[in-house]
Amino acid sequence: MPAFDIDTYVGRSRAVDLAAIDWAAVPRHPVPIGALRAMRFMQDIESHTIVYLRSLLATRAIDDPDVATFLACWVYEETFHGLALQRFLEAAGVPVGERPLPRGQEPWSKRLEAAATAMVSKTWPDFCAVHMTWGAINELTTLTGYRRLAALTDHPVLADLLDRIVLDESRHFFFYYRQAEIRMQRRAVARTARFLVDRFWAPVGSGVQPDAELRFLATYLFGGPDGRAAARKVDETIRRLPGFETVQLLEAWMDRHNRHAIPPRGGRNGHGNH
């Protein structure tokens, strides 16, 4: 892959232009109930980025100038993705509302996870290799999910909004992937990163939203032949990284967790057939 120019990225970094979206046209086009449910999940996870950053600040990630600079832009852009999706849901007549659990009150499982991550970072000098790999997997899954959502809804305003968000997510993925590719040239580093991903990786949103919502989202976006093909492409792309040639990720996770999940059918904007 070509080099990632951090200076060019910083110069182009900006929030999604909400003023450019035709919000008044949102209710003129129906939105499937499943898509609204998926967007609620996505909006919550995008808005949760500030909490992910809090965990990263306790690791070696911020010791690398390029990584620290990237993360500053990343959290800004991702936060506006959450605001954009919230604005769309409001325009569609299904406002987000209050979270059952405030972001500052994470469950103990997530706090322990953050502490364990900080410990690994302190003891392993090449921690950034697994952080970059993890980020590449999650960003690629996210941008692929947005593309699937656009294909499933056929909503012109949503398609415009998601195109803008995907552009940001693609740049994020490129940074993470290129960094992971560079950092895992040494076989020992690649082996350790692979072990950690095999042992601990789960789709983005795990532990933040209920498991039932995560399974729904995976089935809604990646079920059926087209969805499975998209999930397989995510896995195949990550398998190009050093040491990850046989890794089992999104498709394998779906096989383990979604065997009996069937997405809801029918209904638009909260009304219609059930």
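These are my notebook entries on a predicted model of one protein chain.

**Entry 1: the overall fold**

I started with the secondary structure. Along the principal axes, the C-alpha atoms fill a box of roughly 55 × 45 × 40 Å.

**Entry 2: contacts, surface and charge**

How much of the chain is buried? I noted 47% of the 274 residues. Then I turned to contacts between residues at least 6 apart in sequence, and found that 84% of them join residues at least 24 apart. The accessible surface of the protein chain comes to about 13700 Å², and carbon and sulfur atoms hold 55% of that. For charges, I have 34 positive and 32 negative ones, with their mean positions 5 Å apart.

**Entry 3: the loop between H6 and H7**

Here I compared two residues. Asp154 sits in the loop between H6 and H7, and I found His155 in the loop between helix H6 (127-153) and helix H7 (156-183). Are they buried or exposed? Asp154 has 69% relative accessibility, which is over the 50% cut-off, so I count Asp154 as exposed. His155 has 1%, which is under the 20% cut-off, so I count His155 as buried.

I also checked the backbone of Asp154: its phi is near 55 degrees, a positive value in a residue other than glycine.

What does His155 touch, beyond its neighbours within four places in sequence? I listed Val26, His29, Pro30, Val31 and Phe88. For a sense of distance across the model, I took His155 and Ala58, which are 97 residues apart in sequence and 41 Å apart in space, C-alpha to C-alpha.

**Entry 4: Thr133 in H6**

I stayed with helix H6 and picked Thr133, which is found there. Its relative accessibility is 0%, so Thr133 counts as buried. Which residues does Thr133 touch, not counting those up to four places away in sequence? My list reads Ala180, Met184, Val197, Leu241 and Phe244.

**Entry 5: Gly205 and its partners**

My next stop was the loop between helix H8 (187-200) and helix H9 (211-222), where Gly205 lies. At 2% relative accessibility, Gly205 counts as buried. Leaving aside neighbours within four places in sequence, I found Gly205 in contact with Phe41, Ile45 and Tyr52. I then looked up Met42: Gly205 and Met42 are 163 residues apart in sequence, and their C-alpha atoms are 8.4 Å apart in space.

**Entry 6: helix H11**

I finished with helix H11, residues 250-257. Which of its residues are buried? I wrote down Leu250, Glu251, Ala252, Trp253 and Met254. What covers these buried residues of H11 includes H6, H9 and helix H10 (224-238). That brings H6 back into my notes, as the helix that holds Thr133.

Definitions and conventions. Residues numbered from 1 in each chain as written. Predicted model: local features only at pLDDT ≥ 70, side-chain atom pairs only at ≥ 80, totals over all residues. Heavy atoms only, no water. Buried < 20%, exposed > 50% of the residue type's maximum accessible area, 1.4 Å probe, protein only. Contact = heavy atoms within 4.5 Å. Areas by Shrake-Rupley, 256 points an atom, 1.4 Å probe, with all protein chains shown as cover. Lys, Arg positive; Asp, Glu negative; His and termini not counted. Charge placed at Lys NZ, Arg CZ, Asp CG, Glu CD. Helix = DSSP H or I, 4+ residues; strand = E, 2+ residues; numbered from the N terminus.
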